[in-house]
Amino acid sequence: MKDRAIIPDELKGFYSDWKMSPGLACSDFLFFSGFTGADAEGNLSSNPEEQIRMAFRKVGLVLAKAGLSYNALVEMTTYHAGLRDHLELFKRIRAEHVVEPYPAWTAIEVSGFVREGAIIEIKAVANRVPKSE
């Protein structure tokens, strides 16, 4: 099975400008690039909730383009500038998206991102094989 880039229309710049796939389907898995909370035009809200929701939205766009939903997530690594400042908010928003059995999750504090003002980046892995009931 050949690897295949998953590129939602809104995220084409990742592929063309940054030379990275928003998602890469490999065998039974879908690997995600890290997504910050900037919108499609590159605007970054100063509101942590808006940034977190936008990052999850991008994950959702890749999942949808691959014909999957959030329940396909098996692993998530999140990078936070100011982790303790917004961890409870992040956990609450994350809980709106993940389902049991919950994906593995690691949260890491970082000193910053390429984009000044970004507070979050989400990297994930999804299983493309439907879960058995």
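Student: Which backbone oxygen does the side chain of S33 reach?

Tutor: The side chain of S33 reaches the backbone oxygen of S21, at 2.6 Å. Before we go on, please keep in mind that this is a predicted model, in which local features need pLDDT of at least 70 and side-chain atom pairs count only at pLDDT 80 or more, while totals for chains, interfaces and linings use all residues. Residues are numbered from 1 along each chain as its sequence is written, and side-chain values use heavy atoms, with hydrogens and water left out.

Student: What makes a pair of atoms a polar contact?

Tutor: The two must be N or O atoms within 3.5 Å; within protein, one must be able to donate a hydrogen and the other to accept it, and residues adjacent in sequence count only if both atoms are side-chain atoms. The S33 side chain and the S21 backbone oxygen, at 2.6 Å, therefore fall within that limit.

Student: Why is S33 called buried?

Tutor: Buried means under 20% relative accessible area, exposed means over 50%, and partly exposed is in between (1.4 Å probe, protein chains only). S33 has 13% relative accessibility, so it counts as buried. Its place is the loop between β3 and α2 (48-65).

Student: Which residues does S33 touch?

Tutor: Leaving aside residues up to four places away in sequence, S33 touches M20, S21, P22, I122 and K123. Contact here means heavy atoms within 4.5 Å.

Student: How many helices and strands does the protein chain have, and how are they assigned?

Tutor: There are three helices and six strands. Helices (H or I, at least four residues) and strands (E, at least two) are DSSP runs, numbered from the N terminus. Read in that direction, the order is β-α-β-β-α-β-α-β-β.

Student: What does the radius of gyration of the protein chain agree with?

Tutor: The radius is taken over C-alpha atoms, and the globule rule is 2.2 Å times the number of residues to the power 0.38. For 133 residues, a compact globule would have a radius near 14 Å; the protein chain has 14 Å, so the two agree. Along the principal axes, the C-alpha atoms fill a box of roughly 40 × 35 × 20 Å. Buried residues make up 40% of the 133 residues. Among contacts between residues at least 6 apart in sequence, 69% join residues at least 24 apart.

Student: Now to T78: where does it lie, and is it buried or exposed?

Tutor: T78 is in strand β4 (residues 73-80). Its relative accessible area is 0%, so T78 is buried.

Student: Which side chains make polar contacts with the side chain of T78?

Tutor: One is H80, at 2.7 Å, and another is W105, at 2.8 Å. Beyond residues up to four places away in sequence, T78 touches F90, W105, T106, A107, I108, I120, E121 and I122.

Student: What sets K19 and S27 apart as backbone cases?

Tutor: K19 is not a glycine, yet has a positive phi of about 60°. S27 is not a glycine either, and its positive phi is about 55°. K19 sits in the loop between α1 (12-16) and β2 (23-26), whereas S27 sits in the loop between β2 and β3 (29-32).

Student: How do you know that K19 is exposed?

Tutor: Its relative accessible area is 66%, over the 50% cut-off, so K19 is exposed. S27, with 43%, is partly exposed.

Student: Which peptide bond is cis, and where is its proline?

Tutor: The bond from E100 to P101 is cis, with omega near -10°. P101 lies in the loop between α3 (83-95) and β5 (104-109).

Student: Last one: why is S111 called exposed?

Tutor: S111 has 84% relative accessibility, so it counts as exposed. S111 is in the loop between β5 and β6 (120-127), and its C-alpha atom is separated by 34 Å from that of D28.
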